[in-house]
Amino acid sequence: MDPDAESKHVSEAGDMGDGVFHSFRHSLRGSLYLPSDTNLKNEDVVSNPGVHKFRPYPGKSNSVSSIGPFPSEMVSPLLSIEREGSEHIKQESHKKLPKLLHYALCLVHLAVFAILGVLTRYILGKLFGPGVGRLTSDQTILYLDLPSNMVGSFMMGWFGVEFKADISNVSEYLVMALTTGYLGSLTTFSGWNQKMLELSVNGNWLLCVLGFLIGLFLVAFSITFGIETAKGFRWLLRKLNVSSGSETCRSKINEKVEGGLKHHLVVMVVLLLVLGLFLGISGVLMDAEFKNGGNSTVLWIACIVGPPGVWIRWLLARLNGCGLGATGLLNWIPFGTLIANVSAAFFMAALATMKKFVNTRNCDVILSGIQFGFLGCLSTVSTFASEFNAMRESMHPWRAYAYTMITICASFFLGILIYCIPIWRME
């Protein structure tokens with residue numbers, strides 16, 4: 001096999017981002033991955049606006065796609081879902097939609113689904129936590145957010161990989177809302193990193209290391225299990241002669257759902273009403289719980305401050321696949337996701353330190369709400385897991401582990417400086 005073909009055989013995974021939306025092709029089975037076809041035609045040329053233009057290079061058949069290789073060695077096995085769907089929305093929708101409406105639709109989709117993600121993460125934490133299931137706690141390597149990270153990674157295998165293209169035939173906005181908004185907010189990397197810091201500050205270094213290793217194994221297994229079960233479900237549908245229809249049918253669905261200013265305005269109004277309802281209820285309950293000293297105050301604060309976190313992560317996604325400098329150095333690293341996770345872990349540790357030093361109820365509740373909502377939505381494990389899985393199945397599997405080490409080590413080292421050292425000095 002031509003070594004150039006191997007170096008250019010890449011995959012995409014992750015979330016959807018904002019202005020770097022590029023159109024993408026679906027495989028014959030309708031999933032995220034493109035087929036390895038040696039008879040690719042000129043219309044299969046895909047562009048990465050502002051960086052390069054290229055044509056998918058035919059490589060050997062693999063379970064990962066060959067979307068987006070640059071002429072240089074290889075772009076990120078992660079341009080990521082965050083980049084991947086949005087240009088398609090831009091190209092198809094911007095012909096009919098004002099730019100302001102397009103971005104407003106993106107933001108309101110993300111906000112509504114981010115709040116749903118926060119609520120689900122809170123419910124799973126309570127269900128498996130010390131109060132009910134007693135499977136997770138702050139004192140063990142099975143940290144409180146582990147169930148939500150596993151569930152979110154599993155669902156990413158379904159809706160962010162295997163059935164992503166099918167959902168995009170209905171609405172690209174829905175794909176973005178499910179993957180970036182809901183699953184990205186359901187999972188949290190900053191919470192995971194902070195729990196390991198809290199173990200290490202008490203001298204439980206072995207548990208800290210095991211927490212990272214076991215946590216990584218479980219989320220990686222979860223997304224793999226999600227992809228495999230989704231493939232099995234697709235196979236079952238085919239056996240039952242259930243299909244998503246012909247290309248003509250798909251185009252009609254797409255035209256019906258995605259097309260038309262009136263339709264988008266209706267969706268916009270409905271989502272704004274839902275968002276207003278969520279925020280209004282959260283505000284009223286937050287005020288009541290805060291005055292009465294209720295335990296759920298943190299949740300309602302989190303619902304209010306969660307959407308800005310996912311918006312920032314969505315905007316940072318434009319950095320995925322771009323690399324460093326004009327030459328795109330290290331373009332295989334999804335810098336958007338990396339910056340979102342590391343910065344969220346940094347501020348999570350900073351707020352945890354502030355809580356230790358201030359040590360008042362009001363401060364503790366407010367900062368905990370910001371940690372759970374804003375920083376929980378700013379960081380993500382589902383996207384991180386999909387990126388890890390895509391790199392591991394690419395022609396350069398070592399990149400998956402290098403990317404993981406960079407993310408974990410950078411976050412943990414900053415946490416040591418911001419959280420552990422001040423507490424050690426205080427003691």
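Helices and strands here are DSSP runs, a helix having at least four residues and a strand at least two, numbered from the N terminus. The model on screen is predicted.

**Whole chain**

Start with residues 365-388 and colour them by secondary structure. This stretch is 88% helix and 0% strand, with its end C-alpha atoms 34 Å apart. Residues 365-388 are among those that the UniProt record, an unreviewed entry, annotates as "transmembrane region". To mark the rest of that annotation, select 100-120, 173-192, 204-227, 265-286, 298-317, 329-353 and 400-424. For residues 173-192 the chain is 90% helix and 0% strand, and 29 Å separates the end C-alpha atoms.

Now show the whole protein chain. It contains 16 helices and 2 strands. Of its 427 residues, 54% are buried. Among contacts with a separation of 6 or more, 79% join residues 24 or more positions apart.

**Helix H9**

Select residues 205-239, which form helix H9. H9 has 35 residues and runs 51 Å from its first C-alpha to its last, close to the 51 Å expected at 1.5 Å a residue. Step just past H9 to Asn 241, where phi is positive, at about 60°.

Go back into H9 and pick Ile 214. Ile 214 counts as partly exposed because its relative accessibility is 31%, which falls between the 20% and 50% limits.

Most residues other than glycine have a negative phi.

- Select Arg 134, in the loop between H4 and helix H5 (146-162). Its phi is positive, near 60°. Arg 134 is exposed because its relative accessible area of 67% is over 50%.
- Select Leu 330, in the loop between H12 and H13. Here phi is about 55°, again positive in a residue that is not a glycine. At 35% relative accessibility, Leu 330 counts as partly exposed.

Move to helix H12 and select Gly 306. Is Gly 306 buried or exposed? Gly 306 counts as buried, because its relative accessibility of 1% is under 20%.

Which residues is Gly 306 in contact with, leaving aside neighbours within four places in sequence? They are Gly 373, Phe 374 and Cys 377. Draw a distance between the C-alpha atoms of Gly 306 and Gly 373: the value is 4.3 Å, for a pair 67 residues apart in sequence.

**The largest pocket**

Finish at the largest pocket, which has a volume of about 1,200 Å³. Its lining comprises 41 residues, and the ones to select are those closest to its centre: Asp 138, Leu 144, Lys 195, Lys 355 and Ser 368.

Next, colour the helices that each supply at least two residues of this lining: H4 (99-128), H8 (189-201), H12 (297-316), H13 (335-358), H14 (361-378) and H16 (398-426). Which helix gives the most to the lining? H8 does, with 6 residues.

Last, colour the lining by residue type. It divides into 14 nonpolar, 17 polar and 10 charged residues.

Key:
Residues numbered from 1 in each chain as written. Predicted model: local features only at pLDDT ≥ 70, side-chain atom pairs only at ≥ 80, totals over all residues. Heavy atoms only, no water. Expected span 1.5 Å × (residues − 1). UniProt positions renumbered as here; feature names shortened; annotations may be inferred. 1 Å grid on protein atoms, 1.4 Å probe; cavity = no way out; pocket = protein on both sides within 12 Å on 5 of 7 lines; lining within 4 Å. Points joined across faces, edges and corners; volume = space filled by probe spheres on them. Nonpolar A, V, L, I, M, F, W, Y, C, P; charged D, E, K, R; others polar. Buried < 20%, exposed > 50% of the residue type's maximum accessible area, 1.4 Å probe, protein only. Contact = heavy atoms within 4.5 Å.
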